Structures are given as C-alpha cells and as structure tokens.
Amino acid sequence: MKAFIFDLDGVLVSTDKYHYQAWKKMADDEGIYFDEKINDRLRGVSRMASLGIVLERARRQYTEEEKVALANKKNDLYRDLLKNLTPADRLAGVTETLEKLRAEGFLLAVGSSSKNTPTILDKIGYGGYFDAVSDGNNITKSKPDPEVFVKAAEMLKLPAEECFVVEDAKAGIDAAKAGGFVSVGIGDAAHYDKTDYKILTMSDILTLPCVI
C-alpha cells in the first residue's frame, strides 16, 4: 500500500452542523419538514442528489430552475457558515496521524464530493498540504460512484489496489469498493459490513496492516 485517500467531512473535519443548519434553513423557508434523521441520508451525497432527498417531503413539484436555485441557496448559506472554521476544527488525532503517515512514505490525498473542499482545506490550515485533491469541482458523478477516488488515484499515479480510502459514510465505502480500493471506515462506516477495516479513531489507522 502506498497512499491514503481521505474523505473530508466527518474524517478530517466536521462541518455536519453547518450542512444541517443550511439545509434546515432552506427547507424551513420552503415549508418542508427536515430533521437530523433526514440529514443523515445526505452524508456523502452530491448537493443536487441531497436536494432530491429533501424535496421528497415537499408539498409541490419544483422545476429544474427552481431546484438549481434552492441548491444554490443552500450552498450560499453553507459557505457563509464556513467562515467560522479554523484549524481548531480539525478532528482529534488527524494532524498527528497524517504526519506519521507522511513520515512513513505514504502519499496523502483528499477525495470529497464537495465543491467547497478547497475553501474548507484553506480554513482549517490544510491548503496545499495534500499530494492530490479530488473533489466536486472535477467530477461529474457523486458517491457511491467511485469517480472521485479514481481521479485521486490517477493524480497520485497509483492503481486503486495500492490505496486505502478512509470514509465515514456508507456511500463512501460503496464507492471505494466499486473502485477497487481498500476501505477504512470510521464513524458510521465503522459499523458497515462492507467496510474492509474498521477504526474508532484516526490514530487507529497507524495499526493497519502495511502501515507502521
């Protein structure tokens, strides 16, 4: 194994509360019921696909133009909330684990469906840190399609089977498996039967085979 490809949200940093607040505000303004259980279904899913899930409880049909406007409204709300991010929002053990992996010679990449990935990385002090960043700005298919991870591996010039993918969402694990990657699950993904390796904390990555 030569590289680690990390999902962003829920793995390196948590912006879940900002996603929830933005979707909640958008839904409330439209008179659509939205709660944390529905929000959980949006994890690892593209913005437009997430909007489709939110609109399942809508009382009327929306045109494609209206859907785009709603998605943009949610993103504007979310981006405004992201202004509050700082390096202190990195999840526990992330920086130490990344440094140890790099010291062992592993390449490090990010694979996220979010188009806000560059902004988030900059806000938490990881801008320019990774060897490759594949995100919503250079893919056309969202997870569980493996495209985001495949492109990350291509940037690293490595085959999928030489890369670990670290994910916290089931859709991300499905994407990793579909692309031929070795999956590592944390959070919700640590309880998913399709996950290859299950960890409780980021530092547990250092106990994986072929790591240290």
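Tutor: Below we go through pockets, helices, aromatic pairs and backbone angles, in that order.

Student: Before we start, what kind of model is it, and what are the ground rules?

Tutor: It's a predicted model: local features need pLDDT of at least 70, side-chain atom pairs count only at pLDDT 80 or more, and totals for chains, interfaces and linings use all residues. Residues are numbered from 1 along each chain as its sequence is written, and side-chain values use heavy atoms, with hydrogens and water left out.

Student: Which residues are closest to its centre?

Tutor: Val45, Ser46, Arg47, Ser113 and Ser114, out of 34 lining residues. Lining means having an atom within 4 Å of a point.

Student: And which helices supply the lining?

Tutor: H1 (16-30), H3 (47-54) and H4 (64-82) each give at least two residues, and H4 has the largest share, with 6. Helices (H or I, at least four residues) and strands (E, at least two) are DSSP runs, numbered from the N terminus.

Student: How does that lining split by class?

Tutor: There are 9 nonpolar, 14 polar and 11 charged residues. Ala, Val, Leu, Ile, Met, Phe, Trp, Tyr, Cys and Pro count as nonpolar, Asp, Glu, Lys and Arg as charged, and the others, Gly among them, as polar.

Student: What about the second largest pocket, what lines that?

Tutor: That pocket has a volume of about 170 Å³. Asp40, Arg41, Arg43, Val45, Asp168, Ala169, Lys170, Ala171 and Asp188 line it. By class that gives 3 nonpolar, no polar and 6 charged residues.

Student: Switching to helices. Which residues of H5 are buried?

Tutor: In H5 (residues 94-103), Val94, Thr97, Leu98 and Leu101 are buried. They sit on the same side of H5 because they cover an arc of only 100 degrees around the axis, where the arc is that of the directions from the helix axis to the C-beta atoms. On the other side, Glu96 and Ala103 are exposed. Buried means under 20% relative accessible area, exposed over 50% and partly exposed in between, with a 1.4 Å probe and protein chains only.

Student: What does the buried side pack against?

Tutor: Strands S1 (3-6) and S2 (107-111). Contact means heavy atoms within 4.5 Å. Gly105 follows H5, with a positive phi near 95 degrees.

Student: And H8, what's buried there?

Tutor: Ala171, Gly172, Ile173, Ala175 and Ala176. Their cover includes H7, S4 and strand S5 (182-185). Ile173 has a relative accessible area of 0%, and among the residues it touches beyond four places away in sequence are Glu167, Val184 and Tyr192.

Student: How many aromatic pairs are there?

Tutor: The count is 9. Rings of Phe, Tyr and Trp (its six-membered ring) pair if their centres lie within 6.5 Å; planes under 30 degrees apart are stacked, over 60 edge-to-face, and the rest tilted. Phe4 and Phe106 make an edge-to-face pair, 5.2 Å centre to centre with 70 degrees between the planes. They are 102 residues apart, with Phe4 in S1 and Phe106 in the loop between H5 and S2.

Student: Are those two buried or exposed?

Tutor: Phe4 is buried at 0% relative accessibility, and Phe106 is buried at 5%.

Student: Last topic, backbone. Which peptide bond is cis?

Tutor: The one from Lys143 to Pro144, with omega near 20 degrees. Pro144 lies in the loop between strand S3 (132-134) and helix H7 (147-156).

Student: Why bring that up at all?

Tutor: Because most peptide bonds are trans, and most residues other than glycine have a negative phi.

Student: What's phi doing at Lys157?

Tutor: Lys157 has a positive phi of about 60 degrees although it is not a glycine. It lies in the loop between H7 and strand S4 (163-167) and counts as exposed, at 73% relative accessibility. Cys210 also has a positive phi, near 70 degrees; it is found in the segment after strand S6 (197-198) and is exposed at 58%.

Key
1 Å grid on protein atoms, 1.4 Å probe; cavity = no way out; pocket = protein on both sides within 12 Å on 5 of 7 lines; lining within 4 Å. Points joined across faces, edges and corners; volume = space filled by probe spheres on them.
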